[in-house]
Amino acid sequence: MTRIHTPASIDAAPEASRSLLAAVGKQLGSVPNLFRMVSNSPAALEGYLGLSGALAKGSLPAATRERIALAIAEANGCEYCLSAHTYLGKHVAKLSDAEIAANRSGASEDAAADAAVRFARQVLDQRGRVGDAEVQAVREAGYTDGQIVEIVQHVALNVWTNYVNNVAQTVVDFPVVTLRKVA
């Protein structure tokens, strides 16, 4: 059971969050529990949607963004995000089961994506205090400075969603994927 109230509908959400939730519903076809739970704070919902929307316009491919999300969700022990991004990875980014398994382990079967996912996990594990060798490795894999910044931003965004879902114990409204380990 969730520890933070999740409004049952858009109309039950705070007034200032309703138009944002309606836009989510229009884009996704439904309003997942994460968005409705975060809508308790219209400012937090606006911030989350703003950063997420801005990063979607970035230069990292959608599949790489999903790979990073899977790696971070598994590492942070967030069943909600792991389930959501497994669904999105399969159905939107068209990732294979083997690729999703590799991503959950902090790797990828694709060489370029592997560098991004490994770097993302290093950023998470080292709390951003990566060394020159880690930055050089992702750069040698073809990532620009701008893309390196985007990878770090994706780590931060996913840490936030992992933490807010872990705190709230948000009810998973995607096909449930069980964590390999509890972080």
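**Entry 1: an exposed loop residue**

I opened the notebook at R127, which is exposed, with a relative accessible area of 73%. This is a predicted model, and I keep that in mind for each entry below. I found R127 in the loop between α7 (111-125) and α8 (132-140). Its phi is positive, about 55°, although R127 is not a glycine.

I then looked up Q169, another residue other than glycine with a positive phi, near 55°. Q169 sits in the segment after α9. At 39% relative accessibility, I noted Q169 as partly exposed.

**Entry 2: the whole protein**

Next I stepped back to see the overall layout. I counted nine helices and zero strands. Reading along the sequence, I wrote the pattern down as α-α-α-α-α-α-α-α-α.

What radius of gyration would a compact globule of 183 residues have? The rule gives a value near 16 Å, and the protein has 16 Å, so the two agree. Along the principal axes, the C-alpha atoms fill a box of roughly 50 × 30 × 30 Å.

I also looked up how much is covered: 46% of the 183 residues count as buried. The protein exposes about 9,100 Å², and carbon and sulfur atoms supply 55% of that area. For contacts between residues at least 6 apart in sequence, I noted that 70% join residues at least 24 apart.

**Entry 3: the nonpolar cores**

I had a general point in mind here: in soluble globular proteins, nonpolar side chains tend to be buried together. Which members of the largest nonpolar core touch the most other members? They are L34 and F35, in a core of 28 residues. The elements giving two or more residues to this core are α1 (15-28), α2, α3, α4, α5 (79-91) and α9.

Not counting residues up to four places away in sequence, F35 touches L21, V24, L28, L45, Y48 and L49. There is also a second, separate core of 18 residues, and I marked I72, A116, A120 and V123 among its members.

**Entry 4: aromatic rings**

With F35 still on screen, I turned to ring pairs. With ring centres within 6.5 Å counted as a pair, the total comes to four aromatic pairs. In one of them, F35 and Y48 have ring centres 5.5 Å apart and planes at 40°, so I logged the pair as tilted. F35 lies in helix α2 (residues 33-38) and Y48 in helix α3 (residues 42-56), so this pair ties together parts that are 13 residues apart in sequence.

Are these two residues buried or exposed? F35 is buried, with a relative accessible area of 11%, and Y48 is buried too, at 12%. Ring pairs also bring in W160, linking it with F35 and Y48 into a cluster.

**Entry 5: helix α4**

I checked the length of helix α4 (residues 62-76). At 1.5 Å a residue, its 15 residues should span 21 Å, and its end C-alpha atoms are 21 Å apart, which agrees. I then looked at its cover: 14 of the 15 residues of α4 are buried, so the helix is largely enclosed by the rest of the structure. Just after α4 comes G77, with a positive phi of about 65°.

**Entry 6: helix α9**

N158 has its place in helix α9 (residues 145-168) and is buried, with a relative accessible area of 6%. Which residues does N158 touch, not counting residues up to four places away in sequence? I listed A69, I72 and H85.

T161 also lies in helix α9, and T161 is buried at a relative accessible area of 4%. Setting aside neighbours within four places in sequence, I found T161 in contact with L34, Y48, C78 and C81.

**Entry 7: a last stop in α1**

I ended at E15, which has its place in helix α1. At 59% relative accessibility, E15 counts as exposed. How many residues separate E15 and P42 in sequence? The answer is 27, while their C-alpha atoms are 8.5 Å apart in space.

Methods
Residues are numbered from 1 along each chain as its sequence is written. This is a predicted model: local features need pLDDT of at least 70, side-chain atom pairs count only at pLDDT 80 or more; totals for chains, interfaces and linings use all residues. Side-chain values use heavy atoms; hydrogens and water are left out. Rings of Phe, Tyr and Trp (its six-membered ring) pair if their centres lie within 6.5 Å; planes under 30 degrees apart count as stacked, over 60 as edge-to-face and the rest as tilted. Helices (H or I, at least four residues) and strands (E, at least two) are DSSP runs, numbered from the N terminus. Buried means under 20% relative accessible area, exposed over 50%, partly exposed in between (1.4 Å probe, protein chains only). The expected span of a helix is 1.5 Å times one less than its number of residues. The radius of gyration is taken over C-alpha atoms; the globule rule is 2.2 Å times the number of residues to the power 0.38. Contact means heavy atoms within 4.5 Å. Accessible areas come from the Shrake-Rupley method with a 1.4 Å probe; for residues, only the protein chains shown count as cover. A nonpolar core is a set of buried Ala, Val, Leu, Ile, Met, Phe, Trp, Tyr and Cys residues joined through side-chain atoms within 4.5 Å.
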